[in-house]
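Here is a short note to read beside the model.

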Amino acid sequence: MADTPAAGSSPRLTPGVLRAAVVRHRLVNLTGPLGSGKSWLVSRLPSASVLDLSRPGAADAVSAALGEHTGRPLVLDGADGPAALSALEGVRSSHRADGRPLLLVSRRSLLAHPEWTLSGAVVLGVLPWQDERIRRLTADAQLRDARGQELVVRLAGGNPLIAGAACRALHAGASPDAPGAVADQVAREIVERLSREQPAHRWQPALERLAVIWSGDKELLEADRELFDALGRLSLVTSTELGLTVLEPFRSVLERACRWRQPVAHGDSRARALAYRKRQLTGERAVTRRSRLAEGAMALSGDETLREILFPASPPTGVIQAATRGDADAVGGLMHQWARQGGMDTRRTDRLVEQWLCDDPDGFQLARDGDGRPVGLVGVLRVAEHTVSSVEPLLQQHTDRLLERRRTGGLLLGAAYCPDRGLHARLLRDLLHRVMAGNLLLTVSTPTPRYQRLLSALRFQRHGTTADDVYRCGRKPEIYSQDFGHDAITEWAGRFALEPGADGSRRPTGREVGQALARIGDTARLAHSPLLRTARTATVTDLQEWLRDAVRTLADSDVPEDAEAGWILLHYYLGRPQTHQQLARRLHMSRATYFRRLRHGLDVLGRRLPAD
C-alpha cells in the first residue's frame, strides 16, 4: 500500500516542505501550539525576513515590509491576540497572488477569525516532536540523569518548550522523583507565555481548574459568561462535546503542578467533577453523549496506570481507520511486532492472526500516523458462531460461560499495539466508545500485566486465567469482561465515584457524613454511623470532635468554594436550627448554588476522613 497521508491526518513538516509551500502558495499560515517548534522551522527558511508582531510598532513595520519590492519571503511571527491581528489588517487587504511570499505564524489557524476565513491562506500544522528528538534535546541541555531524561520525555508530550522548561527545572534543583515540582516550574512558563494573548490575572485559576477536571462546561467551572469565553479564546483551550478542555500535553502539566501545589483542593475539584458527570450520565439518553460522559468519568480516575495508558500527555497525531482486506500485510507486520514486544512465540501468534483474519477480516482497526503509515492496531473479534474457532483459543474454559451472558452483540479484544502513546490511547478509547454506542459486552483476553492492571483500574470483572499459555510467553492470558448495555454503563461509571483508600477500602460518602452531622448531638443514633469504622473516628466522641474540627477547617479554607461550603455546614449543622431555604436566603445564594455547595462540602469531608 502506498504511504499517502490518510484523510484527516497531517504530514510531518520539514524545512524543505515549508519552503516549497511558501514559494508555491504565496500566503501560508504556519500553526501549532505554544512552544511547538514553529520558530525553529521559520529560522530555516533561507533569506526570509522575520517580524515579531508582539514588538512595539509592529503595524508600522509590517506596512513598511509589505512595501518592499523583493521576492524574499516575509515571516510575520506571533499572530496571536487582538494587537497582533490588528497589525495584520494591511496584509489581508493588500496581499496579491503575485506579491511577496508571506508566512504568517500563529498558535491557532487564522481561518478561525472572521476576517481571515475567506483569505485563501494555506494552513500547515506543526506536529509534536517524536520522543527520540525530545531525548536528544535533553542531551543538548546537558541533562545526564536517565531518570530526569525520561521524566522530561513524559512531561513534554512532544513539545520542545515544555521539554526545555523541564530541563531548566531539573538544573535548578528539582528532583526527577518529584514530577509535580518540575511541572510547577513548567506551568509558570506556560502561563507567562499565554499572558501575551490575554492578561492572566483572571483566567489563570480557571485554566488550572479546567486542566484538573479534564473538561468542563460553564456550570461545572462555575464561571460567568465573560470568564468562560475568555478561557475559550486561549490558544491552548479547545471545545468538545462536554465543554472546554486544555490541549495535551499542557493539560497534564498544569494538572500535575496543581496536584503538587494544592493536593487537597486538587482532589476535591476532581471528586466534584466526577459526581457531576455521574449525575449527567444518569439522566442522559443519547447514546453518543453517554459514552462521552463515561469517558469524562474515566479521565477523573486517580489510578496512575489508567491515566498513563488512556489519558497520556502525548496528543494523538494521526487517525484511526478500519482495516481493509488490502491491509492484511500491515496487520500481520504489526501483530508480529506486538508478539515480539510481549515475548510471545511469533509463529504461534502468526497462526492465530491468520485465523482471526479468516473468521473476522473487518475486526482490526489501524492507527495511521501523519504520513499515512500504519503504526498501531487493535484486534477485535465479533462473538458469533463463525468466529468460535478464533474465540475459543483466547477464552478456553471460559468460552461457554462468557458466551452465555450474551449470545449476540459481544466483542472480544485480543490485541492492542501502538508505540505512539497518544495514538495508542486513541485506539483504546475509540474501542470503548464503540462498545458503549452499541450497548455491547466487551470481553478481553490478555497475557500482559500492564493491560491487566488497566482492566482492574477500569473496574472490569476478572474471570481468571486460561488453562493454557496460548502465546507460549510464560504467562497465561487473564480474562476480563464488562457489559456496556444502556443501564450497565451508568452502574459501571458509578464505580469510579467510589474512590478507594490507600488499602483499597471504600472511603466514606458525602451522604454518610451528612447523616452523621445531622445526628452529631444524639450519641445513641451516632453510635450506628458507618464513619466509626475509621481509625481516626473509632468512638462516638472521636467522631463528634472530628466532624466539628473538619467543618471549621473547611470554613476557614483559602479556596472560596470550600469556604462557602464549610460556612453552610457550620451554620446548618452546628448553628441554630433553621431550614435550608432560610440559610440560603441569609447567605444570598440561589437554591441551586446553595445545594451544590452543600453537596460539595459533604463530599470533601468524606474524602478527608481516612479509611481504616
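1. The lining of the largest pocket has 16 nonpolar, 22 polar and ten charged residues. In this count Ala, Val, Leu, Ile, Met, Phe, Trp, Tyr, Cys and Pro are nonpolar, Asp, Glu, Lys and Arg are charged, and the others, Gly among them, are polar. The model is predicted: local features need pLDDT of at least 70, side-chain atom pairs count only at pLDDT 80 or more, and totals for chains, interfaces and linings use all residues. Residues are numbered from 1 along each chain as its sequence is written, and side-chain values use heavy atoms, with hydrogens and water left out.

2. The volume of the largest pocket is about 1,300 Å³. Of its 48 lining residues, Thr238, Leu247, Glu248, Pro315 and Pro316 are the closest to the centre. A pocket, on a 1 Å grid over the protein atoms alone, is an open set of points with protein on both sides within 12 Å along at least five of seven lines; a cavity is a set where a 1.4 Å probe fits but cannot get out; lining residues have an atom within 4 Å of a point. Grid points are joined across faces, edges and corners, and a volume is the space filled by probe spheres set on the points.

3. Which element gives the largest share of the lining of the largest pocket? Helix 21 does, with six residues. Strand 6 (237-240), strand 7 (243-246), helix 13 (250-261), helix 15 (287-299) and helix 21 (421-437) each supply at least two residues of this lining. Helices (H or I, at least four residues) and strands (E, at least two) are DSSP runs, numbered from the N terminus.

4. There are four cavities of 30 Å³ or more. The largest cavity holds about 220 Å³ of space. Its lining has 20 residues, and Leu413, Leu428, Val444, Tyr451 and Leu455 are the closest to its centre. Strand 11, helix 21, strand 12 (441-446) and helix 22 (449-457) each give two or more residues to the lining. By class, this lining has 16 nonpolar, four polar and no charged residues.

5. The second largest cavity holds about 70 Å³. Arg272, Ala275, Tyr276, Arg279, Arg596, Arg599, His600 and Asp603 line it. Helix 14 (263-283) and helix 29 (591-608) each supply at least two of the lining residues. The classes here are two nonpolar, one polar and five charged.

6. An open sheet of seven strands runs in the order 8-9-10-11-12-14-13, with mixed pairing. Strand 8 (318-322) and strand 13 (461-465) are the edge strands, each pairing on one side only. From one strand to the next, the twist averages 25°. Two strands pair if DSSP finds at least two bridges between them.

7. Strand 8 pairs with strand 9 (residues 364-369) in the antiparallel sense, over five bridges. Glycine 318 has aspartate 369 of strand 9 as its bridge partner. Strand 9 and strand 10 also run antiparallel, joined by five bridges. There, arginine 368 stands opposite proline 374 in strand 10. Four residues lie between the strands of this hairpin, and glycine 372 takes a positive phi near 90°. Strand 10 and strand 11 are antiparallel, with six bridges, and valine 378 stands opposite alanine 416 in strand 11.

8. Helix 17 (residues 328-341) lies across strand 9, strand 10 (374-382) and strand 11 (410-417), at about 70° to strand 11. Contact means heavy atoms within 4.5 Å. Axes are lines fitted to C-alpha atoms, for helices over the stretch in contact, and angles run from 0 to 180 degrees between N-to-C directions.

9. An open sheet of five strands has parallel pairing and the order 2-3-4-1-5. Its edge strands, each pairing on one side only, are strand 2 (49-52) and strand 5 (122-125). Strand 1 (residues 27-31) and strand 5 pair in parallel over four bridges, and valine 28 stands opposite valine 122. Helix 1 (residues 15-25) packs on this sheet, touching strand 1, strand 4 (102-106) and strand 5, at about 145° to strand 1.

10. Aromatic pairs number seven. The rings of tryptophan 338 and tyrosine 471 have centres 5.4 Å apart and planes at 85°, so the pair is edge-to-face. Rings of Phe, Tyr and Trp (its six-membered ring) pair if their centres lie within 6.5 Å; planes under 30 degrees apart count as stacked, over 60 as edge-to-face and the rest as tilted. Tryptophan 338 is in helix 17 and tyrosine 471 in the loop between strand 13 and strand 14 (478-483), so the pair ties together parts 133 residues apart in sequence.
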